[in-house]
Amino acid sequence: DALIRSGAPVAYSCKAGSCGSCMLRAVEGSVPAAAQAGLKDSWKAQRYFLPCICRPETDLSVLPVGVDAQGPATITSIDELTADVLRIRLRCAEPFEVRPGQYVTLFRPDGLGRSYSVAAAPAPGELELHVRCLPDGQMSEWLRNQARPGDTVRVLGPSGECFYVPGRSEQPLLLIGTGTGLAPLYGILHDALAQGHSGPIHLVHGAVRSSGLYLQDELARLAEANANISYTPTTLEADGPIDQFVLKRFPKPSGFRAFLCGDPAIVQTLRKKLFLSGMDFKEIYADAFLPAA
């Protein structure tokens with residue numbers, strides 16, 4: 001708040017400690033542990049922290065993040081998946097270790113940053129993001145109307161623990177997302193298949209109406225080609241709230257591993273209801289999508 005109030009040129013988005021857009025490096029002073037919550041150990045060791053959740057205990061002198069955490073990338077393609085969803089593909093200048101399902105923060109040339117989940121990482125340094133176009137969205141409207149393949153951006157990350165971890169390949173997986181919450185689930189689904197997951201994988205994608213669903217044909221073909229995958233598109237208009245739909249279909253999810261992504265209120269409701277229905281809380285991985293404040 002002090003940096004923004006004073007007009008300091010700092011990036012920020014959610015202002016809630018979730019997106020990582022505002023990360024800075026402390027060069028003098030003590031960094032409270034709470035301001036490093038969720039950061040990688042290597043970043044903590046370099047005194048990176050999230051100023052939006054930092055209540056300083058001493059004076060702090062700060063600098064922007066270094067090249068070890070943020071690097072240049074080139075936009076290789078921009079495609080419309082629906083009228084409101086863009087698929088952005090990037091090629092990073094340096095190898096970029098990331099797991100599909102994690103999120104990165106994308107910075108345009110003027111320093112504006114927004115965080116997006118990684119839907120695919122087909123090769124080292126290559127990233128696919130799904131961007132929801134919001135009315136008057138500063139980043140999404142720039143990507144839709146001004147950015148072009150060949151443009152240079154910067155990428156910070158990755159962050160987040162919402163990704164597939166090998167082991168227990170027979171365990172049922174429950175992937176539930178709303179809107180562009182499909183992006184990390186799309187990545188997790190393909191990653192799980194690539195790593196030989198043999199147990200049932202249930203993907204449920206929700207939207208308010210059918211126009212909010214995307215990649216339906218591709219996901220239907222994937223389910224048809226793999227006996228352990230089921231894909232269910234749902235809409236609020238036709239099927240009711242997604243949490244009620246999921247609990248009706250999976251009334252006793254004990255033993256499942258769940259990944260929840262999308263609208264924060266829906267993610268929180270699903271997390272609570274799945275736990276109360278018997279799912280181990282440690283088996284529930286969630287990333288809520290917070291729009292820029």
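What is the strand order in the open sheet of 3 strands? I read it as β2-β1-β3, with antiparallel pairing.

**Ground rules**

I am working on a predicted model, where local features need pLDDT of at least 70, side-chain atom pairs count only at pLDDT 80 or more, and totals for chains, interfaces and linings use all residues. Residues are numbered from 1 along each chain as its sequence is written, and side-chain values use heavy atoms, with hydrogens and water left out.

My strands (E, at least two residues) and helices (H or I, at least four) are DSSP runs, numbered from the N terminus. I call two strands paired if DSSP finds at least two bridges between them.

**Entry 1: the open sheet**

Next I checked β1, which covers residues 24–28. β1 and β2 pair in the antiparallel sense over 2 bridges. I then picked out L24 and found its bridge partner in β2, F49.

**Entry 2: strand β10**

I moved to β10, residues 173–178. Is this strand mostly covered or uncovered? It is mostly covered: 6 of its 6 residues are buried. For me, buried means under 20% relative accessible area, exposed means over 50%, and partly exposed lies in between (1.4 Å probe, protein chains only).

I noted which way the residues face. L173, L175 and G177 point one way from β10. L174, I176 and T178 point the other way, and all are buried. In a regular strand the side chains alternate between the two faces of the sheet.

Then I looked at the partners of β10. Strand β11 (residues 201–207) runs parallel to β10, and 6 bridges join them. In β11, V204 is the bridge partner of I176. Strand β13 (residues 257–262) also pairs with β10 in the parallel sense, over 5 bridges. In β13, L173 has R257 as its bridge partner.

**Entry 3: salt bridges**

How many salt bridges does a search of the whole structure find? I get 9. My criterion is a side-chain nitrogen of Lys or Arg within 4 Å of a carboxyl oxygen of Asp or Glu. Side chains of opposite charge can pair when their charged atoms come close.

I looked at D79 and R87. Their closest N and O atoms are 4.0 Å apart, and they form a salt bridge. D79 is partly exposed at 29% relative accessible area. R87 is buried at 15%.

R144 and E80 came next. Their side chains meet in a salt bridge at 3.8 Å, N to O. R144 lies in helix α3 (residues 138–145) and E80 in strand β4 (residues 70–82), so this pair ties together parts that are 64 residues apart in sequence. R144 is partly exposed at 27%, while E80 counts as exposed at 54%.

I finished with E128 and R89, a salt bridge whose closest N and O atoms are 3.2 Å apart. The pair links distant parts of the chain: E128 sits in strand β8 (residues 126–132) and R89 in strand β5 (residues 85–92), 39 residues apart. E128 is buried at 5%, and R89 is partly exposed at 32%.
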